[in-house]
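Colleague: I would like a close look at one part of this model. Please walk me through the residues there and what surrounds them.

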Amino acid sequence: MTTTLREAPARQITIQCEDELVAAMAAAGSGGGLVHPVGAQGSKSPCFGTRGTALRFARYDQVVAVDGADVTIQAGATIAQLNAALAAHGLALPTNGEWSNATVAGSMSSGTHGGSSHHGILASSAVGVRLVTVGGNVLDLHRGHAAFDHAVVSLGLLGVISTITFRCEEAFHLELAMRAVPFSWYATHHRAVDRDHEFHSAIWFPLLDSVITFTADRVPTPVRTRRRRERYNGATFLLNRLARDFGVRSFPRRWFTATTSDRCDRILTPIRNGSTQVPLFKALSADWRESEIGVPLAHAGEALERLDGLIRRYPRVLTNPVGLRATGPDSASLSPCFGRSNWWFALFYRHDPEFERELRALFEPLDARCHWGKHGVLRPEHLRAQYPRWDAFRRLRAVLDPCDVLANDFSRRYGL
């Protein structure tokens with residue numbers, strides 16, 4: 001499957017209050033044309049596209065209520081804003097994604113995950129969603145409601161999220177250790193590393209036979225904190241390019257040995273690029289693809305071995321190291337982790353149809369699913385078979401949006 005050009009909205013509305021959102025959705029239900037919510041536009045897929053009206057939420061980003069461990073926040077707030085608000089109340093999410101400027105609704109709706117098989121995706125922390133449907137109806141859905149598991153990872157196809165209520169926990173600190181290890185060691189011990197640490201992610205340099213691991217566990221409040229290094233940075237990009245384009249095979253392991261302690265959100269969400277930088281990054285990487293593919297945890301070792309062989313047949317295809325991490329199971333109907341723990345492979349590569357064909361041939365027999373916000377490699381017919389509640393989601397969508405007002409090229413491609 002190839003990437004198509006993004007749909008360009010005919011107009012945009014900036015939502016500043018729920019009444020404006022209700023009015024926009026009422027107009028859409030009365031023949032106002034196509035509509036779709038748009039977050040920070042960080043997705044590498046066109047899942048947020050529309051040729052109609054794009055609803056934007058940069059000014060709809062406030063905390064609505066704090067009730068013990070339950071915090072309700074407006075859909076347009078970023079992960080950074082949410083984390084700051086929680087910290088002010090001594091609270092934290094158990095885990096979330098790495099990019100701090102993603103919106104909470106966009107992150108949750110696309111199935112964004114962190115790096116821990118001990119925790120689920122961001123949607124796992126949601127206990128309530130206020131959804132405005134086509135026609136302007138407002139639905140308050142709580143965990144346990146028949147529609148809740150469809151709504152939390154919905155790609156904006158059931159309605160537009162107004163607010164989300166997250167169940168949080170007491171704020172905590174983490175000590176993160178960064179280490180460089182041989183790939184052969186990691187391939188043998190990856191399950192043990194993941195089991196023995198609450199949080200675990202890695203980046204893998206196939207041409208250098210090396211992996212940089214990031215493991216984190218809870219610690220008492222540290223006396224001194226220091227900002228952690230991001231998984232991907234200038235040094236990792238340079239190392240990958242030297243190996244790919246110039247045949248350099250030496251790996252400076254001492255560069256990637258460090259330990260730091262900090263507040264949990266600063267460790268788990270270190271990427272602070274602003275949304276204004278997203279278009280620049282996309283322009284600089286216009287010929288790249290970024291796909292993130294998840295397989296059941298039991299298939300991780302086989303996938304590592306087979307992917308290693310595939311990349312060696314295409315030694316010049318990777319533009320970055322391969323990202324690795326795991327996520328625990330959840331109950332959201334369209335979540336890539338529905339009913340199972342996933343091992344994730346984040347692949348950054350130059351567009352190559354033959355390489356993508358071999359990726360599909362490698363991953364689809366391993367019951368792979370994909371991150372909805374990344375470039376789609378897996379076939380729609382394969383994905384439909386991976387989700388037991390796929391048809392139930394489509395039936396609810398037909399009830400809530402019978403005229404396909406929220407549909408876009410992305411949803412039509414996948415038959416959603």
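Modeller: Start with H173. Leaving aside neighbours within four places in sequence, H173 is in contact (heavy atoms within 4.5 Å) with D217, R218, V219, P220, T221, P222, D262, R263 and C264. Some ground rules come next. This is a predicted model, where local features need pLDDT of at least 70 and side-chain atom pairs count only at pLDDT 80 or more, while totals for chains, interfaces and linings use all residues. Residues are numbered from 1 along each chain as its sequence is written, and side-chain values use heavy atoms, leaving out hydrogens and water.

H173 lies in strand β11, residues 173–182. Strands here are DSSP runs of E, at least two residues; helices are runs of H or I, at least four; both are numbered from the N terminus. H173 counts as buried because its relative accessible area is 19%. Buried means under 20%, exposed over 50%, and partly exposed in between, with a 1.4 Å probe and protein chains only.

Now step back to C168. This residue sits in the loop between β9 and β10 (169–170). C168 is also buried, at 9% relative accessible area. Not counting residues up to four places away in sequence, C168 touches A69, V71, L86, L91, A92 and L93. D70 is 98 residues away from C168 along the chain, yet their C-alpha atoms are separated by 6.1 Å.

Next comes β9 itself. Strand β9 (residues 160–167) pairs with strand β5 (residues 70–74) over five bridges, in the antiparallel sense. Two strands pair if DSSP finds at least two bridges between them. I164 in β9 is the bridge partner of I73. Both strands belong to an open sheet of five, ordered β4-β5-β9-β7-β8, with antiparallel pairing. Its edge strands, β4 (63–67) and β8 (138–142), each pair on one side only.

I164 leads on to M108. M108 touches I164 and F166, among others, not counting residues up to four places away in sequence. The largest nonpolar core has 86 residues; M108, F166, L307, F345, F363 and W372 touch the most other members. Helix α9 (residues 300–313) gives the most to this core, with six residues. A nonpolar core is a set of buried Ala, Val, Leu, Ile, Met, Phe, Trp, Tyr and Cys residues joined through side-chain atoms within 4.5 Å. A second, separate core of 21 residues includes A92, A216, C264 and I267. A92 is one of the residues that C168 touches, and C264 is in contact with H173.
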